[in-house]
Structure formats: structure tokens, C-alpha cells
Amino acid sequence: MGSRVAESDDHFVVDIERFQGPLDLLLHLIRSQDIDIFDIPIAEITAQFIAAIEGVERRLTLEHAGEFLEMAATLVRIKAQMLLPRREGLLEAEDPRSELVRRLLEYELFREVAYVLGDAEAERALHRGKGYVEPRPPADLMELPLELAIDEFLEVALALPAPPAKRPARAPVRPITVDEKIELWFKALKQKARVPFGSFIRRWKTRVHAVMSFLACLELAKRGLVRLRQERPFGTLWIYRGEGDEDR
Amino acid sequence: MKATRIVEAVLFASETPLAPAEIARASSDLTPAQVEEAIGELCREYEREERAFQIYPLGDGYQILTRPEYATYLERFDSITRTQRLSRAAVETLAIVAYRQPVSRLEIEELRGVNVAGVLRNLQERGLIEVVERAEGLGRPLLYGTTRRFLDHFGLRSLEDLPRPEDLQITLRAER
């Protein structure tokens, strides 16, 4: 993840995405080490800050990375100013850190307020006004999952128009298997994302094909390779291509 | 008709907080002061009867809301009106707007050290802040302030309810 151990004497695990910007990170470094904010060891903090934001440009958007880098630059500048010898008689000159300290304290104040407001928000969310519980919309049949027992399903499949009374001449009956129908389903679903059950079985005239085709699609649905959908009882039964079977 | 019951009927039928003056419109015999009095009476009644709701002050108005102990039961009704919690960035930005209003985007960015354009737009869309005026000077930047809905969202009566800086727990506040 985005955790980093700052390369310093203390081992800080800093997850930069957790922070609300450079001031937040800097305050974290200062407050978690019991550092006196009015006497920040700037060299140490700068090193920790830079270590914490290492690789920031890869993990944050350019703009957010820029915010952290700008602060790093400010810290380095203050560090340099601290190293300059102070001339005698200029003891009252402003500490180069003071502007940063002012910003940190001001930011910290609002960060605290934000925590208090966050608690207030949570407390307020426990109270619900009129209209919270909405009237239930009528269920959309299209969106209902198809949950039918196998005998109910068979009943529908068998209720399909009976084949014409004219019987073809008897020929040796070739066994019709579910596996064979499964292959045909795959073939049909390769061309179209969904196939209506009725049109799929139309090419055969005997019920056994319809039943086997039906069992085949139940088997496929069970294996999660197709999805079945029927808008209303006795309506068109649609067989949808399942996800992730492209290789078939 | 008893004033208390009229006030109760109006509050019961409302989905948003109503100010006493707004409630008083229900009857020509009703004054805002009487409305306040009736609300006090209703509050005591609901308390006594251990109702699941109470009348809460929100912003400059009042609204009947369920009591917090029933929140877990209501959460089961996964309603779309459920108020979404704000992000930390949003709450920090709101805190600054609340204390410093009217405030420009630039001032907020200086305080937080980050860009807040997106957060401001989001807060404005949610009706928690609004543009209150334009500043004088270069570019006449927009100045933002908090709305009535802001108070409602945090259960505050007014901006006076915001924590005072001296009440906050700021660690290691060194003397200077």
C-alpha cells in the first residue's frame, strides 16, 4: 500500500494518502514526537518530511504532489536560513520558522474544529425526519431474479405448442443428450448475447428436444455459464450469455 | 382548536425544520412566542410519554426527528435520502468557511495548504455553502458562507454553537 517508513532515527509509518495535505502531515510529525511546536528541530523534521513524501509524485495526482513538494521546499529554505550566522544586535530578528508555526497552529485549530464537527455530524445522523423511510416502489419484474423450481419450469417448457399431429415416419431414434444441447447452447450464444428459448427449440419437432434443451440450460445456469430471465410467468424465457466464458 | 395541537400538526407534516414564525402562519391567532411555548409543552409531553421522536431545534427552526436510540432500526430501511457523511477534507473546509465567512477560496487554500476548488464545488452542490458576496479588489473573488442546511446537517442551532477555540483540545499548547 502507500505506507512508508521514514528514513530517520524514529520509525514512522506514514501513509501519505491519509493526510489532508502538507500541513496535516507536518503536524502529525511534530505532534506524534512531542516536539515543541515553537522550537521545531527543522533539520530533523525536514528530513522526515522528505522521507515521508518520497515517491509522492507517483502516488498522488500532480496537483496534490505539488502541494507536498512546495512544503518540502519551504522547509529546506527555512533550514538554510537557520544555518546562516545571525549577526550580533539582530537577536530580535524574526525566527525563520515563525511564519510556518503560525500557519501550523492556525491549521491545527481548524483541524480540531473539523473533528468536533465530525462528531456532531455523526450524532445528527442518528436522528431521522419524516420521509426517511420511503414508500416502497412496486418491484420491477424485469429486475427480479428468476427463482423457479424445476417442476414449475418443466411445466412451462412442456406447455409449448404441441408439434403438428402429422408424425414423421419412424426412424431409429438417436439418443438425445443434455451434453449435446449444451454444445448447441454455446454455439447459439456465441453469436448472440441472448437467445429466446422458444426460437432455440423451434428447429426440432419433438418434446424430448425441448426437454433436453431446457435441462441443458438449467445445467449451464447452475454452473454459472448462462443466466436465465423471464419477465412474467409463461413469458419468453431468455437465455443470456454468462460472463467470463469467452474462451469457449 | 388548541394551539399546541395546531403546532404539532404542522411539525408532524413537515419534512424540514420550520421557524416559529413559519409555524405561526397556520392560524391568525398564533404568535411566534405562542409557538415556542407550544413546542416546549410538546417536548415535555413526548418525553413523559417516551415517544420514539422528539422536537429538535435545527438552525432557526424546529423539526420532529426520531430519537437516536432508534437509529439502528431505521437503518434497515436503506433509503436513498440517507444523508451521506462528508469527507474529512469537506469537513475541514466547512469548518474554515463557518468561522471565517465570508471567505474566499484563496484564503481557505492558504489555511489548508491544499487546493479546495473541487471540495467547494461539492459543498455548494450539497447546499452546505453558498456564494454570499464578491470581494472588492483584484478579480473580485467569490466569497463563501454557510447555509441553513449546514446547521441542519450538523444539528446546530446557530453558528454560536460552533466550538470556541479555547474549548478545543490542542495538545502541547506552549506558552509564549
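Predicted model: local features only at pLDDT ≥ 70, side-chain atom pairs only at ≥ 80, totals over all residues.
Figure 1. Chain B contains eight helices and five strands. Along the sequence these elements follow the order α-α-α-β-β-α-α-β-α-α-β-β-α. Of the 176 residues in chain B, 30% are buried. Among contacts in chain B with a separation of 6 or more, 47% involve residues 24 or more positions apart.

**Figure 2. The cis peptide bond between B:Gln101 and B:Pro102.** As a general point of reference, most peptide bonds are trans.

**Figure 3. The backbone at A:Asp34, a residue with positive phi.** The phi angle of A:Asp34 is near 55°, and this residue is not a glycine. In chain A, A:Asp34 occupies the loop between α1 (22-31) and α2 (42-52). Most residues other than glycine have a negative phi. Is A:Asp34 buried or exposed? A residue is classed as exposed if 12 or fewer other C-beta atoms lie within 10 Å of its own; A:Asp34 has 8 such neighbours and therefore counts as exposed.

**Figure 4. The backbone at B:Arg140, a residue with positive phi in chain B.** B:Arg140, likewise a residue other than glycine, has a phi near 40°. Its setting is the loop between β4 (129-134) and β5 (142-146) of chain B. B:Arg140 counts as exposed because it has 11 C-beta neighbours inside 10 Å, the limit for this class being 12 or fewer.

**Figure 5. The interface between chain A and chain B.** In this view, 38 residues of chain A are in contact with 42 residues of chain B. On the side of chain A that touches chain B, the elements giving two or more residues are α1, α4 (62-83) and α5 (98-124) of chain A. Which of the elements gives the most to this side? That element is α5(A), with 16 residues. By residue class, the side of chain A that touches chain B comprises 17 nonpolar, six polar and 15 charged residues.

Conventions: Residues numbered from 1 in each chain as written. Chains lettered and ligands numbered in written order. Helix = DSSP H or I, 4+ residues; strand = E, 2+ residues; numbered from the N terminus. Buried ≥ 20, exposed ≤ 12 C-beta atoms within 10 Å, placed from the backbone. Contact = placed C-beta atoms within 7 Å. Nonpolar A, V, L, I, M, F, W, Y, C, P; charged D, E, K, R; others polar.
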